[in-house]
Amino acid sequence: MPLPPLATLRAFEAAARHLSFKRAASELAVTPTAISHQVRLLEETLGVRLFDRKPRQVTLTAAGQELYPTLRDGFAGFAAAIDRVKARKPQRGLTVSVLASFAAKWLLPRLGGFQAAHPDIHLRLHTSAEVVDLHSGMADAAVRYGRGPFPGMVVQTLFADRFAPVCSPMLNIQQPNDLRGQTFLHLEWLRPDEATPTWARWCKRAGLDDVDLSSGLSFSDDTHAIQAAIAGQGVVLASSEMVRSEIAAGLLVQPFGPVMEGHHYHLIHTGRSANIREVEAFGAWMADEIAKDGAV
């Protein structure tokens, strides 16, 4: 004998579980009349009554009591199997190229929020100081620092960098003149230009013309320079965004200005990646994070 229509079995199972056509209708987003019609159709197909209908309630007949557990377990099995199949669906991939310092100081502390918002996107970070050719397919997008231009790219400007002296509170530096005799921590910029924030330019702006900048420590990685400053080994001219959490925790202080403008961070992509939806989701999430920080 062929099985009755699935809709009749689903209506009966819901009505039997609730012992109410009204509540079954609410669960299945149909009318009580529709539930009654489907149950009646099932009864006619099977040639037995499944419910005793009373003015304000329905109860299962012996035939209904025999049929209900099998259907209940069957639909529960369907739901469990569907959940397992959905859980195994492949994640969408997204590769983003970033500077190691940006990844460590800005991106990684926030990534839990992106994963929570987009559990179906498998994010891979490619950390490198070298510029990745996005046309090669090595990455879907990149976070770049600089003024641009980025010809042929879709550009989402993230925020402007600002630089100021920061140091450990242990050094007790209160004013610019206190920098005399201190160890300067220098950053080695990969591609410096006239807007690169260096100690020489900062001292000129601050009016400190007689400070010896020839000695000190030099770092190719921002994060190492920041760790040296936390350890009290000197003063670093650091990005305000890259030391935000350390200042909030009291590990570093920014005792004075002036503050120097740096370049902007940008999220760039070709606009033609196979993972363009994932790139756009990542860009929207970054914009939300920046808005929360109040970064501009």
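Glutamate 13 counts as buried, with a relative accessibility of 3%, where buried means under 20% relative accessible area, exposed over 50% and partly exposed in between (1.4 Å probe, protein chains only). The model is predicted, so that local features need pLDDT of at least 70 and side-chain atom pairs count only at pLDDT 80 or more, while totals for chains, interfaces and linings use all residues. Residues are numbered from 1 along each chain as its sequence is written, and side-chain values use heavy atoms, with hydrogens and water left out.

The side chain of glutamate 13 meets that of arginine 10 in a salt bridge at 2.6 Å, N to O, the term standing for a side-chain nitrogen of Lys or Arg within 4 Å of a carboxyl oxygen of Asp or Glu. Because the two residues are 3 apart in helix 1 (residues 6-18), about one helical turn separates them; helices (H or I, at least four residues) and strands (E, at least two) are DSSP runs, numbered from the N terminus. Arginine 10, at 27% relative accessibility, is partly exposed.

Another salt bridge joins glutamate 246 and lysine 105 at 2.0 Å, N to O. Glutamate 246 lies in helix 9 (residues 244-248) and lysine 105 in helix 5 (residues 100-107), so this pair ties together parts 141 residues apart in sequence. Both glutamate 246 and lysine 105 are buried.

Arginine 110 and glutamate 289 also meet through their side chains in a salt bridge, at 3.8 Å, N to O. This pair links distant parts of the chain, 179 residues apart, with arginine 110 in the loop between helix 5 and helix 6 (111-117) and glutamate 289 in helix 10 (residues 276-293).
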